[in-house]
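My notebook is open, and I am going to look up a few places in this structure one by one. Come along and check each entry against the picture.

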Amino acid sequence: METVGLGRTGLQVTPIAYGTWQFGGEWGEVEERSAIESICHARELGINVFDTAQGYGFGTAERLLGRALAGEMDQVVIATKGGLRMDGDAVVRDSSPDWIRRGVEESLTALGVDRIDLYQIHWPDPRTSLAETAVVLWEMVDEGLIDHVGVSNFDAEQMRVFSAERQVEALQSPYHLFHRDIEGDTLSYAAEHDVGVLAYGPLAHGLLGGGFDENTTFPANDWRSGRPDFTGDTFRRNLEVVGELRRFAEERDATIGQLAVAWVLAHPAVQVAIVGSRRRAHLEETVGALDIGLGKEDLAQIEKIMSGAIPLRTPAPEAA
């Protein structure tokens with residue numbers, strides 16, 4: 001698989017990244033052997049960038065990733081995130097210098113590495129100044145604990161403030177056909193300042209995977225269970241749109257999942273789409289998105305189809 005440059009980081013990454021959110025427990029039961037096999041298969045397909053977070057099971061996903069890629073860490077790019085912690089049974093945002101430093105140390109141990117390729121602040125913390133958080137991260141770069149600094153779920157103004165002393169290098173943000181909030185100021189800022197962009201959720205949390213219908217339900221331990229975006233009129237209307245997209249994809253000898261990923265990567269400011277399928281066939285299918293070229297007419301037709309869609313919301317950590 002060919003690689004692309006991730007903004008100003010200098011990292012050479014595959015346009016498809018493998019994400020491990022589903023191994024943190026918020027998507028239902030996780031079987032360790034199956035999870036490790038999925039990660040290894042992504043590597044076999046040529047994927048060289050793997051995304052995780054301290055908050056995905058608070059060490060669970062990072063440890064799985066570390067075990068799966070043991071012996072190969074020098075051949076891949078590991079992107080992890082920090083800035084969340086448990087307060088009793090609740091997840092809270094905490095980007096204070098002490099917690100971020102502790103988070104980096106815990107992630108190093110969980111992953112089994114001496115340094116982290118890309119460390120990102122998972123969510124903005126309204127109780128901590130962005131400048132304070134930025135200072136401690138750049139200190140850890142100078143100390144050799146992390147190589148590159150990124151943010152996740154930040155808007156343009158937050159990146160601007162965060163970058164007062166040194167320019168943030170990467171942004172991870174939700175971006176898919178049913179969630180396009182970053183178009184405009186956020187992606188414009190990224191392009192102007194050569195900030196590498198990794199888009200998560202390109203399959204709209206499964207909606208664009210092609211396997212849902214109006215009878216689809218989710219287990220109680222799946223964060224989508226009972227959410228308005230995946231029930232009732234919103235779900236039914238968006239499934240109609242998905243049906244139109246599927247027909248459009250099939251006319252181009254593609255699956256809807258491939259179309260969805262290709263659409264995300266068609267944006268000139270986006271370098272990487274993060275996917276996390278546990279099924280080998282689905283992962284192989286997703287990689288095929290790199291062979292799909294979407295021209296102006298294709299993009300215009302997709303816009304027309306999406307005019308009838310209801311945008312989805314991104315789950316905040318407090319609600320996940």
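I looked up asparagine 153 and placed it in the loop between S9 and H5. (Helices, H or I with at least four residues, and strands, E with at least two, are DSSP runs numbered from the N terminus.) Asparagine 153 has a positive phi of about 65° although it is not a glycine. Is asparagine 153 buried or exposed? I noted 14% relative accessibility, so asparagine 153 counts as buried. (Buried means under 20% relative accessible area, exposed over 50%, and partly exposed in between, with a 1.4 Å probe and protein chains only.)

A note on the source: this is a predicted model, where local features need pLDDT of at least 70 and side-chain atom pairs count only at pLDDT 80 or more, while totals for chains, interfaces and linings use all residues. Residues are numbered from 1 along each chain as its sequence is written, and side-chain values use heavy atoms, leaving out hydrogens and water.

Next I turned to aspartate 194, in the loop between helix H6 (185-192) and strand S11 (196-200). Aspartate 194 is not a glycine either, yet its phi is positive, about 55°. With 41% relative accessibility, aspartate 194 counts as partly exposed.

Then I followed helix H4, residues 130-142. H4 has 13 residues and reaches 19 Å from its first C-alpha to its last, close to the 18 Å expected at 1.5 Å a residue. (The expected span is 1.5 Å times one less than the number of residues.) I found buried residues in H4, among them Leu130, Leu137, Trp138 and Val141. What covers the buried residues of H4? I listed helix H3 (97-111), strand S8 (116-121), strand S9 (146-152) and helix H5 (156-162) among the covering elements. (Contact means heavy atoms within 4.5 Å.) Just after H4, glycine 144 takes a positive phi of about 85°.

Strand S6 (residues 84-87) and strand S7 (residues 90-93) run antiparallel, joined by four bridges. (Two strands pair if DSSP finds at least two bridges between them.) Aspartate 87 stands opposite alanine 90 in S7. Two residues lie between S6 and S7 in this hairpin, and glycine 88 in the turn has a positive phi of about 70°.
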